[in-house]
Amino acid sequence: MHPHEKRAFGRSGLDVTAFAFGTAPLGNFAREVGEESAQAMIERAWNAGVRFYDTSPMYGHGLAELRLGQALRWKNRDDFVLSSKVGRRLSAAKRAEIEFSPWKNAAPNKMTFDYTYDGTMRSIEDSLQRLALERIDVVFIHDIDRFTQGEAQPEVFRTAMEGSWKALEQLRSEGVVKAIGVGVNEWEVCHEALKQRDFDCFLLAGRYTLLEQDALEEFLPLCEERDVAVLVGGGFNSGILAKGAVEGAKYNYAPAPKQILERVARIEAVCRDHGVPLPAAALQFVVAHPAVPTFCAGTSTLAQLEQNLEWFSFPIPAAFWADLKKQRLLREDAPVPV
């Protein structure tokens, strides 16, 4: 498997690389990334053949969009695919007035949720200004899940299915954007959105991984049926599938519970038997599903990016996947790399 391998992004008419560059770390998520490091990572990804870049106004209160646009501005615009998101509006403010957590030294903008028609249109205009690029190819309605919205989720979802949906569908019909979708942490929300509206794609964070395949029940089959693309992020389940079953390993942004540590330890044992790095298996498993043309990985350092690119290309024998299924560590119906 190669990061630069081109695949059809569902029915959108877009071709994307199997490895996508995620920009949340460029917004200084949890730690500060220097300007030179940010630009070096984007350039290294480009030189590796990566041609799909995902960003959001949320990432660093606009900082990630600013940095990504700076790096891609002088590339041929037809040579890459760009996705961003709607659902949050940014407005300039004094740093002392802004709650930045979990972002470190982010851009001086306040963020407010806005899933209305007008707010969605304004959000896209603002993103284009920050990026200083002529177009955005893919737009996701961001964070309309329970993980983000809590008890307000049903009402937020309804607002987005009316306001944001109407705006994005109009932009798609006019040819301004090529694909529209939803980006959340829960496959159930994606499934409901697809049942209600004609979406082209989804960004699903952490819910289709070596540890979790419940999305195979209903959501991914419906995506296959409708030729809808799924961009998967969070393939390491917040870190445990990268670090392994070690003390303090994170699962879903919190310390991993005992049963998860035990399951990962069993997967690691199969990895050792076949000489396969756990993170390599985690990355490559995701893009084996026919509805998942690409995996989105965010990195905080150039070394992390180099390691991800290496893992993505690591040769994994078919016997490894067979052993995982034999030991019931992977669903029997889960597609695996061939």
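# Briefing: buried sites, helix packing and cores

At 0% relative accessibility, glycine 244 counts as buried. The model is predicted. Helix α2 is largely enclosed by the rest of the structure, because eight of its 10 residues are buried. The largest nonpolar core holds 103 residues. Helices α10 and α11 pack at an angle of about 70°.

**Glycine 244**

- Glycine 244 sits in the loop that runs between α8 (240-243) and β12 (250-251).
- Its contacts, leaving aside neighbours within four places in sequence, are Ala249, Val264, Glu268 and Leu278.

**Nonpolar cores**

- Five of the 103 residues in the largest nonpolar core touch the most other members: Tyr53, Ile141, Ile144, Leu210 and Phe219.
- Helix α5 (residues 153-173) contributes the most to this core, giving eight residues.
- Leucine 210 touches Leu241, Ile267, Leu278, Ala281, Ala282, Phe285, Trp321, Leu324, Leu329 and Leu330, with residues up to four places away in sequence not counted.
- A second core of 14 residues is separate, and Ala20, Phe52, Phe140 and Cys201 are among its members.
- In soluble globular proteins, nonpolar side chains tend to be buried together.

**Helix pair α10 and α11**

- Helix α10 covers residues 278-286 and helix α11 covers residues 302-313; their axes lie 8 Å apart.
- The angle of about 70° falls in the 65 to 115 degree range, so α10 and α11 are roughly perpendicular to each other.
- On the α10 side, the contact is made by Pro279, Ala280, Leu283 and Gln284.
- On the α11 side, Asn308, Trp311, Phe312 and Ser313 make the contact.
- By class, the contact has five nonpolar residues, three polar residues and no charged ones.
- Glutamine 307 also belongs to helix α11. At 28% relative accessibility, glutamine 307 counts as partly exposed.
- From C-alpha to C-alpha, glutamine 307 and alanine 280 are 9.5 Å apart in space, and they are 27 residues apart in sequence.

**Histidine 289**

- Histidine 289 lies in the loop between α10 and β14 (294-298).
- Its relative accessible area is 3%, so histidine 289 is buried.
- The histidine 289 side chain reaches the backbone nitrogen of alanine 291 at 3.0 Å.
- Histidine 289 also touches Tyr208, Leu216, Leu220, Glu224 and Pro335, not counting residues up to four places away in sequence.

- Helix α2 spans residues 63-72. Its buried residues are Leu63, Ala64, Glu65, Arg67, Leu68, Gly69, Ala71 and Leu72.
- These buried residues pack against α1 (35-47), β4 (52-54), β5 (81-86) and α3 (117-131).
- Serine 127 lies in helix α3. At 1% relative accessibility, serine 127 counts as buried.
- The side chains of serine 127 and glutamate 65 are joined by a polar contact of 2.8 Å.
- Leaving aside neighbours within four places in sequence, serine 127 is in contact with Pro57, Glu65, Ser84 and Ile136.

**Backbone geometry**

- The peptide bond from serine 101 to proline 102 is cis, and its omega is near 10°.
- Proline 102 is in the loop between β6 (88-92) and β7 (109-113).
- Serine 238 has phi near 75°, a positive value in a residue other than glycine.
- Serine 238 is placed in the loop between β11 (229-233) and α8, and at 32% relative accessibility it counts as partly exposed.
- Arginine 328 is not a glycine, yet its phi is positive, at about 60°.
- Arginine 328 falls in the segment after α12 (318-326). Its relative accessible area is 72%, so arginine 328 is exposed.

Definitions and conventions
Residues are numbered from 1 along each chain as its sequence is written. This is a predicted model: local features need pLDDT of at least 70, side-chain atom pairs count only at pLDDT 80 or more; totals for chains, interfaces and linings use all residues. Side-chain values use heavy atoms; hydrogens and water are left out. Axes are lines fitted to C-alpha atoms, for helices over the stretch in contact, and angles run from 0 to 180 degrees between N-to-C directions. Helices (H or I, at least four residues) and strands (E, at least two) are DSSP runs, numbered from the N terminus. Angles under 35 degrees count as roughly parallel, over 145 as roughly antiparallel, 65 to 115 as roughly perpendicular and the rest as oblique. Contact means heavy atoms within 4.5 Å. Ala, Val, Leu, Ile, Met, Phe, Trp, Tyr, Cys and Pro count as nonpolar, Asp, Glu, Lys and Arg as charged, and the others, Gly among them, as polar. A nonpolar core is a set of buried Ala, Val, Leu, Ile, Met, Phe, Trp, Tyr and Cys residues joined through side-chain atoms within 4.5 Å. Buried means under 20% relative accessible area, exposed over 50%, partly exposed in between (1.4 Å probe, protein chains only). A polar contact is a pair of N or O atoms within 3.5 Å; within protein, one must be able to donate a hydrogen and the other to accept it, and residues adjacent in sequence count only if both atoms are side-chain atoms.
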